Amino acid sequence: MGSLFRSEEMALCQLFLQSEAAYACVSELGELGLVQFRDLNPDVNAFQRKFVNEVRRCDEMERKLRYLEKEIKKDGIPMLDTGESPEAPQPREMIDLEATFEKLENELREVNQNAEALKRNFLELTELKHILRKTQVFFDEQEGGVNQTTESMTRALITDEARSAGASMGPVQLGFVAGVILRERLPAFERMLWRACRGNVFLRQAMIETPLEDPTNGDQVHKSVFIIFFQGDQLKTRVKKICEGFRATLYPCPEAPADRREMAMGVMTRIEDLNTVLGQTQDHRHRVLVAAAKNLKNWFVKVRKIKAIYHTLNLFNLDVTQKCLIAECWVPLLDIETIQLALRRGTEKSGSSVPPILNRMQTFENPPTYNRTNKFTKAFQALIDAYGVASYREMNPAPYTIITFPFLFAVMFGDLGHGAIMALFGLWMIRKEKGLAAQKTDNEIWNIFFGGRYIIFLMGVFSMYTGLIYNDIFSKSLNIFGSHWHMSYNKSTVLENKYLQLNPNGDYEGDPYPFGMDPIWQVAGANKIIFHNAYKMKISIIFGVIHMVFGVVMSWHNHTYFRNRISMLYEFIPQLVFLLLLFFYMVLLMFIKWIKFAATNAKPYSEACAPSILITFIDMVLFNTPKSPPEHCETYMFFGQHFIQVLFVLVAVGCIPVMLLAKPLLIMQARKQANVQPIAGATSDAETGGVSNGGSHGGGGGPHEEEEELSEIFIHQSIHTIEYVLGSVSHTASYLRLWALSLAHAQLAEVLWTMVLSIGLKQEGWLGGVILTCVFAFWAILTVGILVLMEGLSAFLHTLRLHWVEFQSKFYKGQGYAFQPFSFDAIIENGAASAEAE
């Protein structure tokens with residue numbers, strides 16, 4: 001079988017590379033992305049490996065590139081991204097890259113330091129400018145001038161002790177300090193001055209209207225100018241300490257008006273000069289960053305490739321001559337020739353004359369699981385791997401899930417209108433996938449939607465199909481083929497009578513509707529829900545049993561491939577017989593009932609004579625005799641039904657001990673005969689790790705050295721049997737979620753139509769048009785938000801559960817580990833994603 005239905009056959013290979021060619025060969029393998037290397041130095045510390053210095057150099061280059069990226073983003077400069085992936089540079093090119101990054105970092109840091117110093121000087125001059133302006137107002141408030149103000153301040157600042165001593169109020173020389181403080185600190189600053197100086201200072205403050213730029217981080221801050229008058233050196237010292245504690249900046253302010261004017265003119269001149277120098281500095285910084293932005297993406301790719309190569313080389317071993325590197329790797333068997341060609345290209349690039357050697361090894365280890373995917377199958381494979389990675393060469397459910405997943409979803413979500421919305425959204429993402437993929441974002445919800453665009457599109461298309469089958473579009477019906485019912489009531493009775501029922505004896509023509517449901521059921525208020533309930537319940541059981549039977553058949557393919565004859569005879573056959581004789585027989589009864597019994601009064605095959613499938617099944621399992629049917633009706637649906645049912649139950653019950661005991665007993669017998677090794681084909685899945693003697697383990701296969709204890713085999717088989725028998729009942733009932741969610745979705749859509757949109761449709765006139773527009777918008781929002789998104793998510797999760805539990809449990813173990821090749825594409829993508837997250 002191809003890799004679509006099973007994972008790729010893998011081989012464990014040993015690789016010999018000359019030291020001078022190892023870098024180029026690993027680089028070619030990284031571009032190819034088909035080789036998973038094993039660590040041959042698991043006990044060696046990461047700091048003691050051969051190429052640790054090269055890895056450190058790459059880390060340092062990455063740090064410098066992240067610094068450049070941060071500065072580029074800070075200035076809002078777009079980074080050129082051609083989408084191309086340059087090849088990994090040769091080791092000798094690392095020196096040039098390091099020199100380039102070192103030069104750019106030093107130049108940028110020097111420019112930033114100069115710009116910060118200039119901005120700090122500019123801030124100081126700007127604050128001094130505001131101080132000189134504001135304090136001029138303090139010194140010269142009104143026409144009274146400085147003397148009147150000083151006299152009032154002096155009077156205010158005379159201490160209580162001076163008053164009590166009878167001090168005179170003659171002219172006193174006051175000192176003052178002026179500065180700038182953050183506006184939010186001003187109230188606390190004022191309170192502290194009052195308390196610490198006991199009210200013996202005089203504070204005046206004024207806000208600076210325009211915010212100032214903080215040179216350290218570029219934030220805009222709001223500040224205020226203040227001036228503090230005091231008397232004596234002791235208060236001066238105390239005031240300066242308080243200013244220092246509140247991180248207020250003090251500036252010199254002359255007392256004489258002429259000196260203040262002269263200083264203000266000098267400050268304005270220096271500010272103009274600083275503006276010119278700052279502009280030139282910013283232009284130079286911008287030019288450096290623009291030049292770096294053109295190559296930054298390519299530099300990141302190159303450095304990450306170099307780092308990945310040296311990380312991989314650290315997994316290799318050196319031979320005794322120190323001239324050859326030895327590696328072990330898992331490779332897909334079909335790609336060995338492609339890998340050998342890549343190794344030859346790497347050897348030619350390095351100029352080495354010694355060709356690399358790739359030898360296939362024999363091993364009993366379980367190989368990794370590798371399923372080839374494309375952009376269409378990738379999302380479906382991700383759904384399977386989320387449950388568990390398939391065991392090596394186990395049947396892969398993903399190809400079948402492409403059909404069954406959207407179909408079971410559509411059974412629950414069936415609505416032509418809602419399905420169309422979902423399909424159009426998926427189609428839009430598919431048509432625009434290149435542009436949307438280029439717009440990389442860390443929005444996790446959007447990434448999930450975009451990654452599952454093909455699933456969304458198929459779910460929408462299948463929902464449109466089931467919507468046509470249900471004849472349901474936004475809770476209304478399509479009258480394409482007319483109706484096969486002739487109503488004997490007038491129009492008003494049909495529209496107004498809530499208890500109206502369709503009568504098949506007089507109103508039905510007798511011919512089946514060409515496609516889907518007859519639209520007449522839309523107005524059959526009384527028995528519409530009864531009809532839909534019975535119909536959807538039965539098809540849920542039918543689809544569920546078929547789905548489970550298909551899962552059991554898939555286990556036959558596993559047993560056949562792994563040549564596990566005992567599991568095929570004593571697990572697969574009893575499981576299939578048990579499921580067919582009980583639950584598939586119940587499905588057959590449904591079809592027999594649909595075909596044999598009509599909705600007319602023609603006894604003994606009328607609807608009144610039709611037995612209940614559920615009661616029939618319960619009587620069958622309990623060996624009960626059916627109750628006497630109504631007059632002119634038959635007890636059974638067909639001749640010999642009672643004998644067949646008894647036989648089916650007995651055979652099904654007889655399959656249980658076969659599933660429970662046959663396989664462990666045969667394994668025990670085989671061990672007694674062989675004493676040490678079990679016979680071929682008689683190993684359990686637990687003994688072989690999911691791969692029997694027939695499977696290929698990189699060129700060889702076989703059981704593990706340590707056998708599982710017989711007691712554990714009996715316990716494992718008992719659990720497996722009980723789980724299957726009880727699960728057959730619970731899993732069949734679990735498929736009734738198809739019926740329940742389908743009814744719930746249809747009823748919710750009808751509620752939205754009846755209670756929201758129909759209100760707007762009943763309005764008339766121009767006002768009715770306005771009301772209808774508003775009501776329609778509200779209805780559309782509820783439809784998309786509740787019925788499409790929330791109901792769609794609910795149906796998606798229920799469908800996922802049906803596949804993981806009810807379907808895959810029949811054949812899928814999912815105990816493998818994923819193939820993770822050394823791939824530059826994956827490394828660069830992960831590196832870019834982590835950088836965006838930071």
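This is a predicted model: local features need pLDDT of at least 70, side-chain atom pairs count only at pLDDT 80 or more; totals for chains, interfaces and linings use all residues.
User: Which residues lie nearest the centre of the largest cavity?

Analyst: Residues are numbered from 1 along each chain as its sequence is written, and side-chain values use heavy atoms, leaving out hydrogens and water. A cavity is a set of points on a 1 Å grid over the protein atoms alone where a 1.4 Å probe fits but cannot get out, and lining residues have an atom within 4 Å of a point. The largest cavity is lined by 15 residues, and nearest its centre lie Tyr-470, Asp-472, Gln-522, Lys-528 and His-532.

User: How much space lies in the largest cavity?

Analyst: The structure holds four cavities of 30 Å³ or more. Volume here is the space filled by probe spheres set on the grid points, which are joined across faces, edges and corners. For the largest cavity this comes to about 160 Å³.

User: Which helices each supply at least two residues of the lining of the largest cavity?

Analyst: Helices (H or I, at least four residues) and strands (E, at least two) are DSSP runs, numbered from the N terminus. Those that each supply at least two lining residues are α17 (528-561) and α23 (737-761).

User: Which strands stand at the edges of the four-strand sheet?

Analyst: The open sheet has the order β4-β7-β3-β8 with antiparallel pairing, where two strands pair if DSSP finds at least two bridges between them. An edge strand has a single partner strand, so one side is left without a neighbour in the sheet; this holds for β4 (202-207) and β8 (249-251).

User: What is the bridge partner of Val-180 in β8?

Analyst: Strand β3 (residues 175-182) pairs with β8 in the antiparallel sense over three bridges. In β8, Val-180 is partnered by Thr-249.

User: At what angle to β7 does helix α3 run?

Analyst: Angles run from 0 to 180 degrees between N-to-C directions, with axes fitted to C-alpha atoms, for helices over the stretch in contact; contact means heavy atoms within 4.5 Å. Helix α3 (residues 93-139) lies across β3, β4, β7 (223-230) and β8, and its angle to β7 is about 50°.

User: What is the average pLDDT of the protein chain?

Analyst: Of the residues, 88% score at least 70, and the chain average is 85.

Definitions and conventions:
pLDDT is the predictor's confidence in each residue, from 0 to 100. On a 1 Å grid over the protein atoms alone, a cavity is a set of points where a 1.4 Å probe fits but cannot get out, and a pocket is an open set with protein on both sides within 12 Å along at least five of seven lines; lining residues have an atom within 4 Å of a point.
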